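The sequence and structure come first.

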Amino acid sequence: MTNNYSIDQCHSTLMARKPLLSFDENSEFFSWREAIAEKLKALLGDTPEYTDPKFCVEWEKEHDCFKEYRFVFSSEEYVQVPGHLWIPKNVPKPCPVVVCMQGHSTGMHISMGKAYCEWDEQLINNGDEDFARQTVAQGFAALVIEQRAFGERKSEIQMKETPNAVTSCLHPTLTAFLLGRTMIGERVWDISRAVDILENFPEIDMERIGIVGQSGGGTATYYAACLDPRFKVIMPSGCVCTFRDSITAMAHCACNYIPGIAKYMDMGDLAALIAPRKLIVVAGNDDPIFPISGVKEAYSTIEKIYAKVGAEENCRLVVGEGAHRFYADISWPAFRELADW
């Protein structure tokens, strides 16, 4: 039975409107890009204050092909970020590094190929989400950090209410909204502060930094690249799509949302803040939550933006035969081709 009182029709009608700052090939590009940058920073909410990172290596471990550092640092007051850095052994130093962003899951250990439950095994074996292992196999260092509200950084408040939940995004995301922040903005801040700590490792080439992520990790990847120009090669997977076809078309986790953003721009428009840097968009042709039709529409805007800055060769759309997952076999060749590392 149809619910005549549902709010959905109102919202979908509003979503059909053209965003106020959407890309226009006939408009002056650089002033438009500046307007996009200014509006995005405002929409992401208050920026955390810099604090002494108090960077600390908790332990080191030698593996056959790489050396592992477990570390922790402060990204802002009362916020500690744990992570791991894998530095491959048999490659020239300093070497490139790729930041590996896990999506909604039990945590960053999945990027390192560690399965603590059956779902972890599925994400690793059927979803190619062991990003750190893949990155080191490519000859790059891998930086893994735990995102806010995932894994080791779960919200204690929400876990009291939902003790069996895999992630704990909802409560801290809504609390961030109340405080004039967003979860995406906070996660992007942590990523940039993690890049800062790479300065402590002379084995890392700070001029060759990439980032990869799937689903929620892909979203963090995309927005981090919009705000931090140090990322030279960006590979978001399972996330770049029109808002109309993805996060407003069905229920998604609250941490995917930035209040007010669809009024001004869509995901494709945000590529103006990444171009002309190298961008590989990864998608599945049967992804039910980021449909390929919306992906292609967003990517069409991305292509036009890259053409506008004379960098058509610097973006790629990689489409796998499957659903909502990463596609390592076809994605890394595109990464290597564009990166030329």
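**Second largest pocket**

The second largest pocket has a lining of 20 residues, and R148, S155, P172, M183 and E186 are those nearest its centre. The model is predicted: local features need pLDDT of at least 70 and side-chain atom pairs count only at pLDDT 80 or more, while totals for chains, interfaces and linings use all residues. Residues are numbered from 1 along each chain as its sequence is written, and side-chain values use heavy atoms, with hydrogens and water left out.

- On a 1 Å grid over the protein atoms alone, a pocket is an open set of points where a 1.4 Å probe fits, with protein on both sides within 12 Å along at least five of seven lines; lining residues have an atom within 4 Å of a point.
- The space in the second largest pocket is about 460 Å³ (the volume filled by probe spheres set on the points, which are joined across faces, edges and corners).
- Strand 3 (79-88), helix 5 (156-161), helix 6 (170-178) and helix 7 (183-197) each supply at least two lining residues; helices (H or I, at least four residues) and strands (E, at least two) are DSSP runs, numbered from the N terminus.
- Helix 6 gives the most to this lining, with four residues.
- By class, the lining holds eight nonpolar, four polar and eight charged residues (Ala, Val, Leu, Ile, Met, Phe, Trp, Tyr, Cys and Pro count as nonpolar, Asp, Glu, Lys and Arg as charged, the others, Gly among them, as polar).

**Largest pocket**

- About 870 Å³ of space lies in the largest pocket.
- Its lining has 31 residues, with L14, M15, R17, P19 and A262 nearest the centre.
- Helix 1 (8-15), helix 9 (261-264) and helix 10 each supply at least two residues of that lining.
- The lining divides into 12 nonpolar, nine polar and 10 charged residues.

**A298**

- A298 is found in helix 10.
- A298 counts as buried because its relative accessibility is 4% (buried is under 20% relative accessible area, with a 1.4 Å probe and protein chains only).
- Leaving aside neighbours within four places in sequence, A298 is in contact (heavy atoms within 4.5 Å) with V240, C241, T242 and G268.

Key. Buried < 20%, exposed > 50% of the residue type's maximum accessible area, 1.4 Å probe, protein only.
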